[in-house]
Amino acid sequence: MEKEKIAYRLKEMIVVAAICGFLLYMIVFPILGLCAEYEYPAMRCYYAAWLFFLWLSGVPCYVVLLQGWEIANHIKNGKAFSAETAKNLKIASGFTLGDSLFFLVGNVYYLNKGASFLIVAGISLFVVFGGILIAGAFEILSILVKKAAELQEQYNLTI
C-alpha cells in the first residue's frame, strides 16, 4: 500500500474516532446521566459534576488523536520511522496513561463520595485497564520507531 494511501486511511480512522468521541461525550453521556438522575433522584446534585469530569477526561483523547494526525502526516511525507514519529507516539502514550489514571482517581473519588455505584466503578476499571494497555502499546511503538529511525540513519550514512 502506498504511503499516501496509508496516511489517508489513518486520517479517516482518526476522523471517525473523533466523531464517535464527540457523539459519546456530547450525546450519550448526558443522556445516560439524565436517565440515572431520573432513576436515582438523590444523584441529581452530581449530574453536572459527573458530566464535567467526563468531558475533562475526553480532552486528552483528542490530544492523542492530534498526535495520530501528525503521525499520518509523517507517513505521507515518507518519515514513518523518524524521531518525530517516535516523539508523537511518546506524547500519545503519556496522555493516554495520564487520562487513564485521572479517570481512575475520579471514579474512586465519586464512589467514595457516594456519587457513583459499584457497578460503574467496576466497568470503569475495564476502561482504565484498556487505557493502560493502549498507553503501553504507544510506548513500545515509540521505542521501536526510534530504533528504526536510528537504523535508517546509519543505513543512510553507510551509502
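Reader: How much space lies in the largest pocket?
Author: The model is a predicted one, and its largest pocket is lined by 41 residues, with Phe29, Leu54, Phe103, Ser124 and Val127 nearest the centre. The elements that each give two or more residues to this lining are α1 (3-39), α2 (47-76), α3 (83-113) and α4 (118-158). The space in the largest pocket comes to about 1,200 Å³.

Reader: How many residues in the lining of the largest pocket are charged?
Author: When the lining of the largest pocket is divided by class, 30 residues are nonpolar and nine are polar.

Reader: Which element supplies the largest share of the lining of the second largest pocket?
Author: The second largest pocket, with a volume of about 220 Å³, is lined by 13 residues, and those nearest its centre are Leu10, Ile14, Val64, Gly68 and Phe138. By class, this lining holds 11 nonpolar residues, two polar ones and no charged ones. At least two lining residues come from each of α1, α2, α3 and α4, but the largest share, five residues, belongs to α2.

Technical notes. Residues are numbered from 1 along each chain as its sequence is written. This is a predicted model: local features need pLDDT of at least 70, side-chain atom pairs count only at pLDDT 80 or more; totals for chains, interfaces and linings use all residues. Side-chain values use heavy atoms; hydrogens and water are left out. On a 1 Å grid over the protein atoms alone, a cavity is a set of points where a 1.4 Å probe fits but cannot get out, and a pocket is an open set with protein on both sides within 12 Å along at least five of seven lines; lining residues have an atom within 4 Å of a point. Grid points are joined across faces, edges and corners, and a volume is the space filled by probe spheres set on the points. Helices (H or I, at least four residues) and strands (E, at least two) are DSSP runs, numbered from the N terminus. Ala, Val, Leu, Ile, Met, Phe, Trp, Tyr, Cys and Pro count as nonpolar, Asp, Glu, Lys and Arg as charged, and the others, Gly among them, as polar.
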